[in-house]
Each structure stands twice: as structure tokens, then as C-alpha cells.
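Please find below a colleague's note on the structure.

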Amino acid sequence: EPGRLIRSRYKRAGEIVKRHGVMSCLIVNDIDAGLGWFQNTQHTVNNQTVCGTLMNLCDHPEMVSLGEDRADDGRNLLTARVPIIVTGNDLSTLYAPLLRDGRMDKWYWNPSRDEICKIVHAMFKDDGLWTIEATKKLVDAFPGQPLDFFGAARSKVYDDAIHRWMCSADPVQRCELLMRKMGLSQDVDIFGNKGEESSLWRYHTPPE
């Protein structure tokens with residue numbers, strides 16, 4: 001149950017603060033993707049539970065229950081107060097009472113070109129001959145695009161390269177290469193089947 005999971009993570013962060021004396025927080029990434037209200041979508045019970053949980057944590061940040069009954073003095077529910085940090089692209093799609101002043105402080109970040117280049121370069125930097133100059137050219141070629149666009153573009157390049165290799169390579173060589181990558185012999189498939197039970201050649205090698 002997502003509401004209980006949030007309370008559990010929040011309480012765990014509070015325990016770290018109390019026991020170890022270090023700062024901690026609860027981070028929810030892309031909250032609008034899970035809780036946002038978009039056209040032709042419905043609010044589920046889980047959405048309502050999560051919204052209610054977050055509002056309750058904002059209103060009573062030092063008293064969190066994971067299902068246990070509240071004692072008369074409430075001391076069994078006490079926890080250290082920790083900040084909750086959420087990120088999102090369009091907070092206007094969230095439940096309005098969750099956004100009101102006093103519950104949520106909002107900061108809007110519009111990255112500069114240099115910041116975008118640094119973020120995009122972090123996606124591509126492990127790709128062999130890729131350089132920061134190539135990153136800048138890519139960003140300048142597609143101005144105004146969200147960061148997800150560049151991640152999707154990178155994935156598409158890899159998908160196309162794999163597709164071209166799959167279409168051009170000899171099927172037998174392709175199967176042998178895949179087996180070597182998986183550390184398998186010709187008699188063992190990815191499910192551990194051996195000999196005649198092996199599916200590697202049966203399903204991936206074309207008939208002679």
C-alpha cells in the first residue's frame with residue numbers, strides 16, 4: 001500500500017536523524033507522473049491515499065503511525081521531523097489542497113543552456129567518442145526540448161544500431177555471439193535446459 005510505504009520511509013528517515021545525528025529527508029521524484037490529474041484519467045484509491053498521507057505528514061510531521069494504535073499520550077507515534085522534497089514538471093495537475101501555502105513551498109527551476117548541456121552530457125559521456133562539443137551541438141539542434149527527449153533519442157540510436165546488426169549479421173553467428181555474452185554453451189539455454197531440451201538452437205537458429 002503506497003501510503004504506508006511513504007509513512008514507513010518517512011519514519012525511517014526520522015530514525016536516522018535521531019540515532020545517528022545526521023540530516024535526512026524523503027524524496028519523491030516526478031510526483032505529477034503518479035498523482036497528477038490529466039485529461040481522461042481517474043483518481044484511484046491509491047492516489048487518494050497517497051495525497052492524504054502527504055497532507056497528514058505536512059500537518060502532523062512529528063506523529064506517524066504505521067498501523068499501531070495511538071497511546072493516550074501519543075508518544076509511541078513520535079518521530080523526528082524530516083523535510084519531504086518532491087520534484088515534478090507540472091505541479092498544477094496535483095490535488096490543490098496539497099499545494100497550498102503552509103503545506104508546500106515551491107521553487108521553479110528553468111535550467112540555462114549550460115546546465116542543460118551538463119545534464120545531457122551526463123547521459124552520453126560513457127558512449128565512447130562522445131564529447132562535450134557534440135553535446136552542445138545536439139542541444140542547440142533541438143532547442144526547447146525537455147530532458148526526456150535527449151534520453152529517448154539516445155535510446156533510439158542504440159535501438160536502431162542493434163536492429164541494423166540483427167538484420168545484417170549471419171543468424172548462426174548472431175546466436176553464437178549471444179551465447180558467448182551469456183556465458184552459455186551450445187547445449188545450455190538461458191533457462192538452464194541442456195541437450196535436446198535447450199531452446200537456443202530450436203528457436204533462434206533458422207532451419208538448414
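Predicted model: local features only at pLDDT ≥ 70, side-chain atom pairs only at ≥ 80, totals over all residues.

1. Gly-14 lies within helix H1, which covers residues 2–20. Because its relative accessibility is 0%, and buried means under 20%, Gly-14 counts as buried. Leaving aside residues up to four places away in sequence, Gly-14 touches Thr-79, Ala-80 and Val-82. Between the C-alpha atoms of Gly-14 and Pro-61 the separation is 9.9 Å, the two residues being 47 residues apart along the chain.

2. The largest nonpolar core has 18 residues, and those touching the most other members are Ile-6, Tyr-10, Ile-31, Leu-35, Leu-54, Leu-91 and Leu-94. At least two residues of this core come from each of H1, helix H2 (31–35), helix H3 (45–59) and helix H4 (96–99). The greatest contribution is that of H3, with five residues.

3. Ile-6, one of the core residues named above, touches Leu-26, Val-50, Thr-53, Leu-54 and Leu-57, not counting residues up to four places away in sequence.

4. Thr-93 is placed in the loop that runs between strand E2 (84–86) and H4. With a relative accessible area of 9%, Thr-93 is buried, because the limit for that class is under 20%. The Thr-93 side chain reaches the backbone oxygen of Asp-90 at 2.9 Å. Not counting residues up to four places away in sequence, Thr-93 also touches Asp-32, Leu-35, Gly-36, Trp-37 and Phe-38; of these, Leu-35 is among the core residues that touch the most other members.

Note on methods
Residues numbered from 1 in each chain as written. Heavy atoms only, no water. Helix = DSSP H or I, 4+ residues; strand = E, 2+ residues; numbered from the N terminus. Buried < 20%, exposed > 50% of the residue type's maximum accessible area, 1.4 Å probe, protein only. Contact = heavy atoms within 4.5 Å. Core = buried A, V, L, I, M, F, W, Y, C linked by side-chain atoms within 4.5 Å. Polar contact = N/O pair within 3.5 Å; in protein donor to acceptor, adjacent residues only side chain to side chain.
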